[in-house]
Amino acid sequence: MATVTNGVNVQALLEARDALKASPEAAQFTWRASSKWNEGVHTTIKVQGFSGLGAEQSHQEESVFQADHPEVLAATDNGITPIEYLLVGLASCLSAGVASVAENRGIKLRSVEATLEGSHDIRGILGADSDVRNGFNDIKVTFHIDADASAQEIEALVAQSQKRSAVFDAITNPTDVTVEVA
């Protein structure tokens, strides 16, 4: 059994990668979330089930998230804004990648911290200027990593994490999104 130094079972991930090469249909996952409007711009979002490996799956526990807008935007501030959840997803995906890549390369991590900043001109979402996009103008991710590795090795960890990040890919490449009323 391989020693896991950063809490990532890379051996299991590598075995899964090999198995999915032989059975690509099992690699098709569908992630799901459901939301319910509360009042104003406050929404509750729940995540529990998903499909993958050819069957329905479930997280050990349902996760519940609150989304709202802050009081400075005439709301009740019962949760973070939806666009902040995008930063949450990116931070967690990149950090998980750093830990996984470090484990695979035999690099012991002492700490991994990231600061994310997304610049956002809200005139677009408010309809104040139709030439302003609704989303982020840019996002800056700054990692602070303490590890048994050189600066170049740490930069390579982050680069490989970015290369394999599903959230980074979804943000930086067009993704087909269909919105419909049932």
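Is Asp129 buried, partly exposed or exposed? In this predicted model, Asp129 is partly exposed, with a relative accessible area of 23%. The cut-off for a buried residue is under 20%. Asp129 forms a salt bridge with Arg123. The closest N and O atoms of this pair are 3.6 Å apart. Arg123 is likewise partly exposed, and its relative accessible area is 40%.

Salt bridges that share partners join Arg110, Asp146 and Asp148 into one network. Arg110 is partly exposed, at 48% relative accessibility. Asp146 is also partly exposed, with a value of 34%.

A further salt bridge links Arg32 and Glu56. Here the closest N and O atoms are 2.4 Å apart. Arg32 sits in the loop between β1 (30-31) and β2 (34-39), whereas Glu56 is in strand β4 (residues 55-67), so this pair connects parts that are 24 residues apart in sequence. The relative accessible area of Arg32 is 38%, which makes Arg32 partly exposed. Glu56 is exposed, with a relative accessible area of 56%. The cut-off for an exposed residue is over 50%.

The search of the whole structure finds five salt bridges.

Methods:
Residues numbered from 1 in each chain as written. Predicted model: local features only at pLDDT ≥ 70, side-chain atom pairs only at ≥ 80, totals over all residues. Heavy atoms only, no water. Salt bridge = Lys/Arg side-chain N within 4 Å of Asp/Glu carboxyl O. Helix = DSSP H or I, 4+ residues; strand = E, 2+ residues; numbered from the N terminus. Buried < 20%, exposed > 50% of the residue type's maximum accessible area, 1.4 Å probe, protein only.
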